[in-house]
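Please keep the sequence and the coordinates at hand while reading.

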Amino acid sequence: MVSYKELGLVNSREIFKKAFEGKYAIPAFNFNNLEQLQAIIQACVQEKSPVILQVSSGARKYANQTLLRYMAQGAVEYAKELGLNIPIVLHLDHGDTFELCKDCIDMGFSSVMIDGSHHSYEKNVELTRKVVEYAHKHDVTVEGELGILAGIEDDVVAEHHTYTQPEEVLDFVTKTGVDSLAISIGTSHGANKFTPDQCTRNAQGILVPPPLRFDILEAIEKIIPGFPIVLHGSSSVPQDLVAVINKYGGALKDTIGIPEAELRKAATSAVCKVNIDSDGRLAMTAAIREVMATQPGEFDPRKYLGPARDSLKTLYMHKVVSVLGSAGKA
């Protein structure tokens, strides 16, 4: 077994406390490869932000669990090399079994999510409590989930939203002992969040999706005051990136993401962690497609993965500064 502390990582307990008190949210950026990891660390060191390195079950299989451990340790040392020892969490995103969560804890993860939201309420409580009992023995923090987000992202698939029921949260948190809670208030997984038909036009003629259910969030805050809340599926699907992808041979459907203004509002509440994955995929893909289309003779992976990394860094700096408010909080 490897302790995350040996790798220089931290769990989420202290950084969530500071985020709640400071009215900002910690970025949780998913990564699968070296370039994504470089972009995350570069952006967060430059903007002096704590960060959660998020790994899905699919990403773990893709990157290899042993390599991931050393990549996380390398990220800590890389941040120091860049000039700032920022708090870094290595987090399992959407773990669906006790065995997977245990394996990640044993391999050096400092935080895990156990997603039992697709089970019955009773089974969700039982599974989550089992993970918490093991994780807390090793000072690893645990995120649970109540409610279901629609959409597709890696191994997570759901056709319909099930909003979190505020009346369940106190019982769930008390019985499971989780350290944070992912809720469903209208965000969704993947890049194809809302179609134009599901949106309305504002005074400026811009399509906007149905607003997030801040009434549910506010009700939850009253029931479990001060408890860290997590928003999944919080990519905004920048239309300029979609346009670049389609300009250079892509075929993305018309889709609208979560408005950044709503995420900024959420980050000033009990929401202490915001998950962003699809926007990063769009940034990288747009940069790679542009190089491939405009420089068809290029075959050096560094020549298209480098610009993709730079584009991702720019995107994440924007998220940290203008959306989550975590800049300068490391």
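With which residue does D300 form a salt bridge? The partner is R302, and the closest N and O atoms of the two lie 3.0 Å apart. A salt bridge here is a side-chain nitrogen of Lys or Arg within 4 Å of a carboxyl oxygen of Asp or Glu. The two partners can be described by burial, where buried means under 20% relative accessible area, exposed over 50%, and partly exposed in between, with a 1.4 Å probe and protein chains only. D300 is buried, at a relative accessible area of 17%, whereas R302 is exposed, at 65%.

Some conventions apply throughout. The model is predicted, so local features need pLDDT of at least 70 and side-chain atom pairs count only at pLDDT 80 or more, while totals for chains, interfaces and linings use all residues. Residues are numbered from 1 along each chain as its sequence is written, and side-chain values use heavy atoms, with hydrogens and water left out.

By the salt-bridge rule, the count comes to 14. One of these pairs joins D103 and R60, whose side chains meet at 2.7 Å, N to O. D103 belongs to helix α5 (residues 98-106) and R60 to helix α3 (residues 57-63), so this pair ties together parts that are 43 residues apart in sequence. Helices (H or I, at least four residues) are DSSP runs, numbered from the N terminus. Within the pair, D103 is partly exposed, with a relative accessible area of 31%, and R60 counts as buried at 11%.

A further salt bridge is formed by the side chains of K319 and D279, at 2.8 Å from N to O. This pair also links distant parts of the chain: K319 lies in helix α12 (residues 301-324) and D279 in helix α11 (residues 278-294), 40 residues apart. Both K319 and D279 are buried. Elsewhere, salt bridges link K5, R13, D139 and D179 in a network.

The next topic is helix packing. Two packed helices are described by the angle between their axes and the distance between the axes. Helix α6 (residues 121-137) packs against helix α7 (residues 166-176) at an angle of about 35°, and their axes are 8 Å apart. The axes are lines fitted to C-alpha atoms over the stretch in contact, and angles run from 0 to 180 degrees between N-to-C directions. The crossing of α6 past α7 is right-handed, meaning that the near helix is turned clockwise from the far one by less than a right angle. Contact, defined as heavy atoms within 4.5 Å, involves Y121, N124, V125, T128, R129 and V132 of α6, together with E168, D171, F172, K175 and T176 of α7.

Q42 counts as buried, at 15% relative accessibility. Leaving aside residues up to four places away in sequence, Q42 touches Y78, L82, R309 and K313.

What of the cysteines? A search of the whole structure finds zero disulfides, a disulfide being a pair of cysteine sulfur atoms within 2.5 Å. For C104, the nearest cysteine sulfur is that of C101, 6.8 Å away. The sulfur of C272 is 16 Å from the closest cysteine sulfur, in C44, which is too far for a bond. C104 is buried, with a relative accessible area of 0%, and C272 is likewise buried, at 0%.

Conventions. Helix = DSSP H or I, 4+ residues; strand = E, 2+ residues; numbered from the N terminus.
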